[in-house]
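This briefing goes through one model by topic.

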Amino acid sequence: MSGTGKKVADVAVKASKTIDWDGMAKLIVSDEARKEFANLRRAFNEVNNTLQTKFSQEPEPIDWEYYRKGIGSRLVDMYKEAYDSVEIPKYVDTVTPQYKPKFDALLVELKVAEEKSLKESERLETEIAEVQELKKKISTMTADEYFEKHPELKKKFDDEIRNDYWGY
């Protein structure tokens with residue numbers, strides 16, 4: 001087996017062990033996203049399985065003596081010579097250097113978006129808690145208690161009363 005193929009298979013195995021699929025699945029909220037995530041995971045597993053089975057195994061050596069007995073040494077020697085003369089070129093990766101900077105830039109952008117999303121999520125959680133608290137107290141709350149939490153509404157209503165604007 002070529003060294004490059006073995007390295008690719010080893011990297012694929014390590015990558016599959018470091019991905020927290022369950023953790024990512026917990027973050028997904030929509031059904032469409034779950035379907036896409038399941039497709040991504042299935043495709044990853046198929047490629048990973050192919051890499052592990054196809055590239056991680058060494059080819060079995062050819063038993064030339066077996067063929068010499070059955071076919072004849074002259075023909076087998078000719079095939080062996082041709083087989084030995086085949087030179088498999090080494091893979092030179094020219095794609096990764098092109099896309100590595102783009103990928104790194106996307107990772108930075110992802111981190112910024114993640115931080116922004118977490119801040120927005122915290123803000124929304126706080127707002128939800130406030131609304132739930134308001135929902136519990138709404139039946140017993142006085143206008144003064146409500147305006148205490150929302151002074152901008154009190155100012156708006158006071159201005160309307162002062163300007164004799166009653167909504168018609």
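Glu 65, Arg 68 and Asp 77 are joined in a network of salt bridges. The model is a predicted one. In total, 14 salt bridges are counted in it. The protein holds eight helices and zero strands.

- Asp 159 forms a salt bridge with Lys 155, with 3.3 Å between the closest N and O atoms.
- Both Lys 155 and Asp 159 belong to helix H8, which spans residues 151-162. They are four residues apart there, about one turn of the helix.
- Asp 159 also forms a salt bridge with Arg 162, where the closest N and O atoms are 2.7 Å apart.
- Arg 162 and Asp 159 both lie in helix H8 as well, three residues apart, which is again about one turn of the helix.
- Asp 159 counts as partly exposed, at 26% relative accessibility.
- Lys 155 is exposed because its relative accessible area of 54% is over the 50% cut-off.
- Arg 162 is likewise exposed, at 62% relative accessibility.

- Lys 137 and Glu 133 form a salt bridge through their side chains, at 3.1 Å from N to O.
- The two residues are four apart in helix H6, so about one helical turn separates Lys 137 from Glu 133.
- Side chains of opposite charge can pair when their charged atoms come close.
- Lys 137 is partly exposed, with a relative accessible area of 40%.
- Glu 133 is also partly exposed, at 34% relative accessibility.

- Met 141 sits in the loop that runs between helix H6 (96-137) and helix H7 (143-149).
- Is Met 141 buried or exposed? Met 141 is buried, because its relative accessible area of 18% is under the 20% cut-off.
- Apart from neighbours within four places in sequence, Met 141 is in contact with Leu 134 and Tyr 146.

**Nonpolar surface patch**

- Helix H5 supplies the largest share, with four residues.
- Ile 71 is exposed, since its relative accessible area of 52% is over the 50% cut-off.

**Overall make-up**

- Along the sequence, the pattern of the protein reads α-α-α-α-α-α-α-α.
- Of the 168 residues in the protein, 7% are buried.
- Among contacts with a separation of 6 or more, 46% are made by residues 24 or more positions apart.
- The protein exposes about 15,200 Å², and carbon and sulfur atoms supply 58% of that area.

Notes. Residues are numbered from 1 along each chain as its sequence is written. This is a predicted model: local features need pLDDT of at least 70, side-chain atom pairs count only at pLDDT 80 or more; totals for chains, interfaces and linings use all residues. Side-chain values use heavy atoms; hydrogens and water are left out. Buried means under 20% relative accessible area, exposed over 50%, partly exposed in between (1.4 Å probe, protein chains only). Contact means heavy atoms within 4.5 Å. A salt bridge is a side-chain nitrogen of Lys or Arg within 4 Å of a carboxyl oxygen of Asp or Glu. Accessible areas come from the Shrake-Rupley method with a 1.4 Å probe; for residues, only the protein chains shown count as cover.
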